[in-house]
Structure formats: structure tokens, C-alpha cells
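Let's take a friendly walk through a protein model together. Keep the sequence and the 3D view open, and look up each residue as we reach it.

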Amino acid sequence: MLLQHIARFVEHYLPWPPVSRSTTRFTRRQRKGTMATAIETIEDRLLLTTWIWIPTPEDGGPKDFNGDFNDSTHWVTEETLNFLHADHVHGVPGGSDTAIINGNGEFTVTVNTAASVGTLSSVARIHVTSGSSLIINSGTSSTIQGVTLDAGGELGVEGDGTKFVVGSGELSGDSTYAGTLHAGAGAMLLFGGIFAGHDLNAGTTFTGSGLFSRTGFNIPSFTINAPLTFPENFELGNGTMTMNADVTVGGTFRQFLNGSGGTLLGSGDLIVPNGATYTWEGARIEGGGGRFIIQAGGTLNISAEGDARFLTTRTIDNAGTINWSSGGIAGVDTTITNLGSGIVNVSGDHTLNSGDSITFNNMGTFIKTSSAAPGTASTLLGVIFNNTGTVNVDSGILKFSRGTSSGVVNAAAGTQVVYRGGTGVADDYTYDSGATFTGSGTLLVIDEAVFVINTDLVVENFEQSSNIGKVTGTGNLTISGHHHWINGRIDGAGELIILNGATLDVGVEGGATPERVVNNSGIINWSGTNYITVFATAGVINNLPDGVFNINADAGTNVLVNNQGTLNKTTSGALGTTTFFAGITNTGTVQVTSGKLQVNPAYTQSDGTTIVNAGATLATSNTVNITGGSLSGTGTISGNLTNAGLVSPGSSPGRLAVTGSYLQSATGILSIEIGGLTPGSQYDQLAVGGNANLDGTLQVTFIDGFVPAVANRFSILEFGSNSNNFATEEGLDIPGSSYLQSITDVDSLDLLVKVNTNPSFTSSSSFSIAENSTTALTVAATDADLPAQVITYSISGGADQGLFSITPTGALTFVSAPDFETQLDSDLDNQYEVQVSAGDGAGGVTVQDLTVTVTNVADGPQLSGGGSIVTWVKKNPPVVVLPQVTVTSGVAGLAGATLTLATDIVVTKKKALDQFHLPSSGAIGTISNPVILNGRLTVHIELNENATDAAVQAFLRGITFSTSGAGLKKTTRSVAVTLADTSGQSATINRTISVRKKAVV
């Protein structure tokens, strides 16, 4: 009944053709005020599927609608719909309805209540007022041209698959936000529009786990005007996002390239807090003083293919984790700081490139990995990279252009750390104090890199291949594994150190330039045809005692080599000449195995060994100077040879040729081995093309059991001319009865075998020596052979031979000094018998029997026990003068000997104040009258047959001294005791007596 009444009402006021139940169409002229009243009357009663309002104004054009447009079900217009009165309240569709607002003009639909629709399609602007909300929840796509979201209002989307595009209109989609933006789980709230703007002002918040997105191929602007925390899921795919205030990522933030790109800029900070993730797949990150802050626990993921990422004028401070998995990055005017807790994981092969306008400060951990095959791809950091933390290259290749390191760089096995440089000083990469390089990966210096080492750096594997760049600095570079020096320059004040077990390969493809000291304890391999050259300063290679220097190069060097280890010269070419223009000094081993070792201006050896093999040449423009050590071999010395050490031709045996002159000094030795009669193969030969000026020693040794026969002749030294001869010739004696005699000919020095004669003694066969001495005599013999043979002496027999020793030169001595009174010879008559032999070393031996007589020497008496006494006191009892005296005469009795005592005394008016008290002397002898002369008392005792050592000793120990002290003038007294035997020998001791006026406590 209600519907029938409504139909009749409509037909009465507005006659129009009949309509269906599903559509109501107004085509007649609207009667002012009447229609609005009618609609308002029925709005809560009509349940129509679609409301289509087609105004037909009297003038034929669009009509502005002044009344309220309220419909609880739908909004539908097909013409311009202007709501002219601000106080009109518009109805809101239902939560599952489809709302469509079309029109040709700009108008606004105001939401001032809690509203929701299923789908909204509108060219109108939506204004969500404070305390109001508009939620889209249909599960399909909805669009509006623009929105104004007041503080306290809410605009949102709910429902899985629901998509709501805000700002879809062209040029007119500017939106402002100060309330809550909501995206439920599975829904998307998209900020769109062509050149449209979205201003997020104070009060803007995000809720929900759905996706907030700025994507598509349009170019909207996205402006943040107040501090803001982004939603759980947000993506920026095109247009720009300008941060005029700090922005915090709430969950995940994805920035990628789509259409014109998604650019992030502005002066505010972008903060990725703990638990949040920012994914940068493309587009630009810019700033006007703002920072990109990854806090501890936050993550920045850099991915996607290509080089679409660009970073400029926005610093990045990372205290969390940066994961760079794919795609290159370019940029300018930016600083990236990986803080102490920060981790940067580079898991792909990309490029960060800016020249000098990006600085990367690594204070935390930088990790490089790669899935590519070794050596096929790399990560290039074409920025200023300053490392104070740790760089770990776990796999792949990591390249640097410039920067510094005072931290740790660790390269795992099979990886490479490359310093490539560019141009100029700015391309230096410097290792300062504290820097280390660990691991068995390879450190490479290539292209235009200038690798500066200002700290002592140990590297296991090092490679240098740049002929433009160089290695320099004040620190030492130590190689513990392998250094592949293909090309390039190494200079600076530091040293290049090759450790024992390490290898340095030089000049494989290019020329090396060592302008710093190289200290080698490992192995140096120099091969190819490329030079080792120095320019500014003199290079030095010290081949240390454990070092090996292998040379297989047809090239040259102006590096000075000081060889203490082993230097091997070989060749694989026809000539194979290696030239050392700065010389070689040798104290180790130099072996010219093949080819030619040319040393200019001189080759100097002060110790060690030089060996020149058959067919090989040691050449010099001046002199091979052997001041110590040995020179041997069967090759050729091209130039002059001086010998102050040892020259041993052959290699047991052989022939050594010298094209120039030969000068042997006083300390020089020419060693010749003789094992047969054929020169150069059975005995040594030195062939000198020039003059042989001889001195020093000729040393001959027989080998292989060879014993020459009389008249055999050996031409051991050939020369063009000769000056002087050897000062000493050793080893010319031949076992048996022959010896070698040196003969100088016109062009050679020969050794001739001659018959040997025995030595002849020239010293006496009997000698006498006094007892108590080990010295006996010196025996002597001569030899008639020429040159004079060296005679040596030995003890060969005799009854008392065990009591003697003899030197090779004939000094015969007793092992212990003989005592006449204690005979030790075999027949106890002090005549000792011994036999000595004189040998000439060539089989000639002569023996001689010697008798050495030991004669007696008087021993004489001995006294001890002198010293001083310091405890005398005035008027004290007498004190013993010599309480510890001992007497040793060495005879049974002292009859006829004299004992004398002499002492100082004080005499006043011929009265002695000092008193010496002697025991009775009757048992040992007679005392003569005491004599006082000049204050000195002298007493003589003539000893009798009772005067034994013990009796005289007892007498002396009984002497006492006292003083009255009156008129005391002296503070000391001296006592001298002398015992003289009948042979005239005597012994004396002295005693000092200190006199004190008062007792000494």
C-alpha cells in the first residue's frame, strides 16, 4: 500500500512515462522546493537499486542543485552536481553499497559521520571531517579524485583484496591528511593521481596491517609536513616523497622504480627502527640535509636488477643491518656510515659508484659474498671507502677505488680484494696504523691504484699488475704466501719482506720497479724478458740466508742484489743473459747453472760460494772479486778474477776458465784436486787468458785413492803470462817416498812428482833442566827436499814418554813440573827417557832418543803470619806479637841459620819505654847483644842443631810486647822477622803494632 501511495504521489506532481520498480528517472522541470521536500520525505522509505538523477533545466544547460542530496543507498549523477550550501548535510551510502559520484565540475562530498561503503567511484572530492570516518570494504577497487582528511577523521579500507585509490583524478587530485589512514589486512590504500599532491600534516597516523602504496605510472607528489610513523606496510613506486619532517618506518617500507620512479627527498630524517625493514628496489633517495638512519635491529634491503638506484645529498647512518643483494647504486654528495654495531651484507655482484662524491665510513662489519663463479663477477665500491671496522670477503671479488683503512680486512680462500684506483692523488688507498689484512684470499693492486702502506702490513697473497699505479708508504709489506708481481712500481721508505715459505714471482708479463728495499727469506722467481727497473732511487734486493732467488730471465735490472742465501741463474733461451747493472754482493751461494750472468761493474763475494757450471758464464765489465768464501765450477769467468778467498776449479775435478787476468793475494788459496793424469777431468785446472799474479797458498788434495808415480806431471795453472809465485804450497807430500815439486813454465805452473828424503835431526839428544819447571826443550830437524816440506813432530816411545807432551812444531814439555826430591822417572835417577819422531808428510820419518836430566834447586825458608795488632792499651799486660806465625824451611834442621828480629822502640834518656820479652833461646841458639840504633832494636840469634821448624816457630810465638806509655810519641810500632839459611836464602815477615792511650771497647 505504501508503494502505491508513493507512485500516485509522484505521478500527480510530475507526470512522466511509467517507470520500472528498479529505476526512477526525473525528466520534467523541477518545481522549486517541492522536489527536495518530496525526496526528503521518501529517502528513508525508498529501497531502490540505483538512483540516476538527470536534471533538465529550463535553459537546456546543467542545473545547480541547491537542496540537500540525501540517499541512504546510492550516489549517482550523470551531470554536474554542485552542492552550493555549506549547511546541507548529505546522506551516506551503506557499508556494502556501490557509491558512484560523477560530474563535470569540481565539487566536494562531505563525510561528517561514521560511514562505509562497499565500492566508491567518485570524481568529487571527499572531505572527512573530524570525528568522522569513511571506510571502503567491498573487496574490489575504488577511486576518488582527492580527499581532505581532518584531524580526528579516518579514511580507510577493509577487506581482503580491497583497493582504494586516493587522488585518481588528473591535475586535480591534491589531498591533505591530518587524521587516521587505515588499511585492514589484505587491503590496499593507494595514493594516486597524475601530478597530484598528497600532504601528510600533523595528526596523520596509520593503522592496520594492509598495504599503503604510492605506485602506478603517474607522478604524484607525497609531502610529509610533520613527524610521522609509517604504517606496517608501505611502498613507494613512483612520483616523489618529500620529507619536511622526520619519518619513522613502522614495519616494512618498499621503494622501487615504477614508471617515472619513486623518489625520496627532503630535509627530514628517514628512520628505520628496531624490527622495521626498508626495501630499496629502485628509484632515488635524495635529501636536503636529511639523514637515512637504520637503528640497531633495523634493516635496509637493497635489491632488484639494474642500476636504477641513485643516492644523493642524504647521509646514511647504519647501526642495524644493510643487505645488498642485487643491482647497482650511483650517487653524489653523500656519506654512508656503517656504525660500530652496523652490519653490511653484500651478497651479489654490483657497483656503488660516485667518484669522490660519496664517502663510505665503515666502523662496523662489512661482509661480501657472491654466488657467481670465482673471478667472474665483483662488487665495485667506486667511492671513498674508509675502514676502521672489519671487512670480511667470504666469497667473490670486492673492489675499492680510494680511501683509508685502520681496521681489519679479511679475505677468505679464493676471494680477491682489489684496489683499482682511477686518476690522481685522490685515488690513493691508504693503510694506516692498526690496519691488518688477514686470510688466504688475494690482495690485488691494479689499473691506476696508488696503494699506500703506512703501517707494517702482513699479506698472505698479493698481486700487483698496474704499470701506472704503485705501492708506496712508510710501512713494511710482508708476504707470507705468494706475491705475483706482474708489473708496476713499489717504492717508499718501508720494506718488501718475503717470509720463509713465501714466493715472489716477478716480471711474468711486465716490468717491475722496486724502489724500496726487498728482504727475501722465501723464494723469488724472475722469468720472462721484462726488466726489473728503478728510476728515482736505488733499489736493493737483500736475499737473506734462507732466501732463494731463481733467475730465468733474458733481461736486466739496475737493482743492487745482496745475496746471503741462494741465487740460481738458469735460462731457457739461446743466450739467456741476465744483467745486473748495479752489481751483486755475495755472502751466500750463487750458482750459474746455465746461460750468462752479467754483473756490472763488479761482482764481489766476501763469503759464501760461487759456482759456475759447464757452459755457463759469470761475466763482468771489470772484476769478479773473491775476498772471502769460494769460487768453483767448470764454466767461464768473463773478465778479471781476484782471489783473496778460495778458488777451486772444477766440480771435483774440472777446468775453470778466466778470460782476463788472475790476481791471488796473500790470503788467497788456489785449491787443486788430483785424481788422475787427465787435465780438466781427472785433476783440476785453472786456465787464465791474461796474466797470473800469484801469492798466498797453493793447496793440493789427492782424491779417489790416486797415488801418482815418480815423474808424473800435472799442469794445474795455465796463463798468458806470470808474475810471482805462491808463498805457501800445501799438500805436496805423497804417501810413500815421493812428493810434488812446483815448476813454473812459460805458460803454465806444473807439479812434478819427485823422490822423497827423510828429515834429519839438528837438535841434541840430551838436555838438563832445573826442577819445578815444565819447560824441557825444543827439538828440530831439516829436510833436503825442494820445495821445503813442513816437518811435524810427535812422541813415539821411551820409558818415560807418558810424562811428556810435544807440539807439532817440536816444543817438548813435562806434563807436570818434576821435583828433584820426588823422582818419577822409571829408574828414579832424575834422568827421564823419551823418543820423538820427525815426519815430512810425504812418508819420510826419522826418530831420536832423548835424555832429559832434572837438577836440584834449593828451596829456601818460608815465613807467614804477619799483619797488624790494634788492641794495645797503656799499662796493660804484655801481648803476644806473632801468635800465628809459621816456619817452613824444607830441611831437617836449621843449624847455622840466623834468626833476626828488628822493631821500633821509644827511648827517653836512654831508657826504653817499650819492652819486648823474648822466651829463652837456649833450646834453639845463642842471642847476640841487642843493638839500638836510631830508635830501632835489632836482635840476632845464631841457631844450633836443635833449631827445627817447630822449635823456631814456638820461639817466635812466645815473643810479647808492652809499654809504659810515658812520653808516648808514636802510635805504631813495626816488627820484622827474618830467617836466613846457610845457602843464603831468606824469608821475612812484618808485623804492625798500634798503640792507643785509652782502652778500645
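D317 forms a salt bridge with R291, and their closest N and O atoms are 3.7 Å apart. The two residues come from distant parts of the chain: D317 sits in strand β28 (residues 315-318) and R291 in strand β25, 26 residues apart. A salt bridge here is a side-chain nitrogen of Lys or Arg within 4 Å of a carboxyl oxygen of Asp or Glu. Strands (E, at least two residues) are DSSP runs, numbered from the N terminus.

Before going on, a word on where these values come from. This is a predicted model, in which local features need pLDDT of at least 70 and side-chain atom pairs count only at pLDDT 80 or more, while totals for chains, interfaces and linings use all residues. Residues are numbered from 1 along each chain as its sequence is written, and side-chain values use heavy atoms, with hydrogens and water left out.

Now stay with R291 and look for another partner. The side chain of D269 also meets R291 in a salt bridge, at 3.0 Å from N to O. D269 lies in the loop between β21 (262-265) and β22 (270-272), and R291 in strand β25 (residues 291-294), so this pair ties together parts that are 22 residues apart in sequence. Are these residues buried or exposed? Buried means under 20% relative accessible area, exposed means over 50%, and partly exposed is in between (1.4 Å probe, protein chains only). D269 counts as buried because its relative accessibility is 11%, and D317 counts as buried at 18%. R291, at 35%, counts as partly exposed.

How many salt bridges does a search of the whole structure find? The search finds twelve. One of them joins the side chains of R489 and D491, at 3.3 Å from N to O. Salt bridges that share partners join K470, R489, D491 and E515 into one network.

Strand β46 (residues 470-472) and strand β48 (residues 488-498) pair in the parallel sense over two bridges; two strands pair if DSSP finds at least two bridges between them. Across that pairing, V471 stands opposite I490 in β48. Strand β47 (residues 477-485) runs parallel to β48 and is joined to it by three bridges, with L477 opposite L496. Strand β50 (residues 512-520) is also parallel to β48, and eight bridges join the two.

Strand β69 (residues 669-674) and strand β72 (residues 697-702) pair in the parallel sense over six bridges, and T701 in β72 is the bridge partner of E673. β72 also pairs in the parallel sense with strand β75 (residues 728-730), over three bridges. In this pairing, L698 stands opposite E729 in β75.

Methods. Helices (H or I, at least four residues) and strands (E, at least two) are DSSP runs, numbered from the N terminus.
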